Amino acid sequence: MQKLQFDPATAPAPLSEVLKSCWVMRSSAEDRQTVPDLLIPDGCPEIIFVYQGGYRKVALHQPEVSQRVTESCLVGLQTQTQLVTRVSPVHIVGLKLKPAGFYRLFPKVAAEAAQQNLPISQLRIPWLQQLETQLKALHTAAEILDHLQGTLPLQCIQMPDGLAIVQRCIEAQLQEQGQIPIQELARQHHRSIRQLQRYFKRYTGITPKQFARLIRFKALYKDSVIREVQPGNYFQYGYFDQMHFIKDFKAHLGITPTAVADRDFQQQNEMARISRS
């Protein structure tokens, strides 16, 4: 086995109604991660099945708080950048869900899970525990997606009206890279701003403004860090002026835009470059 293997795959229809992608990570005992990966939130909750090893994560702006994850869990929608270090050897499977899909699968805990890791062993969801056992024997992301085609959608509930609106708002923000003002979303869906905020908090655990900010910065991050294309005009990403751009960049990455070429920072993006996500 190579020291580190990472196998991602995008979910096909109709699975893509709830699932964005899945990935499989395996590493050997010789895998020695000396620099943590920088994990930028992308607006997608996850199901993480930990079969061997695990990882340590530290919020970028709270280095004194460290969390070690060694069991399978639901990871709710995140808003903070994390520094993540593997505890090898690892065998981990991740299912990256769409926010509305996460609620359809886990309506009782979706909002509670925001910013949290909820251990699967404590949730007492029989189909999820069965899925954990079934996926362990599969080796590739493609095999996992084939298996999920016949199982995961069967667990979904019908979408209430508010969730359908949230899903359409999210799709619009993804298409426009998080640049649609909440006032415009409310107008398009014939709802008040307060109603839209309540819908987002109920079904995702965060506000529409927080979600838009995540999507906007993720678009910038992909261009400036992963694709190594220096953004020529910060207005194209929805920033009002240069100070707004620099402040948001530093809030998410802990560095200024001019420091992305720094060797230490580039080492923290190993996994992002492998996955291109």
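## Basis of the model

The structure is a predicted model, in which local features need pLDDT of at least 70 and side-chain atom pairs count only at pLDDT 80 or more, while totals for chains, interfaces and linings use all residues. Residues are numbered from 1 along each chain as its sequence is written, and side-chain values use heavy atoms, with hydrogens and water left out.

## Overall build

The protein has 12 helices and eight strands. These elements are DSSP runs numbered from the N terminus, with helices being H or I runs of at least four residues and strands being E runs of at least two. Of the 277 residues, 51% count as buried. Buried means under 20% relative accessible area, exposed means over 50%, and partly exposed lies in between (1.4 Å probe, protein chains only).

The accessible surface comes to about 13900 Å², and 50% of this surface belongs to carbon and sulfur atoms. Such areas come from the Shrake-Rupley method with a 1.4 Å probe; for residues, only the protein chains shown count as cover. Among contacts (heavy atoms within 4.5 Å) between residues at least 6 apart in sequence, 73% join residues at least 24 apart.

## The second largest pocket

The second largest pocket has a volume of about 440 Å³. A pocket is defined on a 1 Å grid over the protein atoms alone, as an open set of points where a 1.4 Å probe fits, with protein on both sides within 12 Å along at least five of seven lines; lining residues have an atom within 4 Å of a point. Grid points are joined across faces, edges and corners, and the volume is the space filled by probe spheres set on the points.

The lining consists of 17 residues, of which Pro 181, Lys 209, Ala 212, Arg 216 and Phe 240 lie nearest the centre of the pocket. Helices α7 (182-188) and α9 (208-226) each supply at least two lining residues, and α9 gives the most, with six. By residue class, the lining divides into seven nonpolar, seven polar and three charged residues. In this scheme Ala, Val, Leu, Ile, Met, Phe, Trp, Tyr, Cys and Pro count as nonpolar, Asp, Glu, Lys and Arg as charged, and the others, Gly among them, as polar.

## Salt bridges

Side chains of opposite charge can pair when their charged atoms come close. The structure holds eight salt bridges, each defined as a side-chain nitrogen of Lys or Arg within 4 Å of a carboxyl oxygen of Asp or Glu. One of them joins the side chains of Asp 248 and Arg 216, at 3.7 Å from N to O. This pair links distant parts of the chain, with Asp 248 in helix α10 (residues 242-253) and Arg 216 in helix α9, 32 residues apart. Asp 248 is buried at 4% relative accessible area, and Arg 216, one of the residues nearest the pocket centre, is buried at 13%.

A salt bridge also joins Lys 96 and Asp 42, with an N to O distance of 3.0 Å. Here too distant parts of the chain are linked: Lys 96 belongs to strand β7 (residues 82-97) and Asp 42 to the loop between β3 (37-39) and β4 (46-59), 54 residues apart. Lys 96 is buried at 13%, as is Asp 42 at 16%. Within helix α7, Glu 184 and Arg 187 lie three residues apart, about one turn of the helix, and their side chains meet in a salt bridge of 2.6 Å, N to O. Glu 184 is partly exposed at 26%, whereas Arg 187 is exposed at 53%.

## Selected residues

His 189 lies in the loop between α7 and α8 (193-203) and counts as buried, at 12% relative accessibility. Leaving aside neighbours within four places in sequence, His 189 is in contact with Ile 165, Arg 168 and Cys 169.

Arg 104, in helix α1 (residues 99-105), is buried at 11%. Arg 104 and Val 18 are 86 residues apart in sequence and 7.8 Å apart in space, C-alpha to C-alpha. Gln 62 lies in the loop between β4 and β5 (66-69) and is partly exposed at 33%. The C-alpha atoms of Gln 62 and Gln 80 are 9.8 Å apart, and the two residues are 18 apart in sequence.
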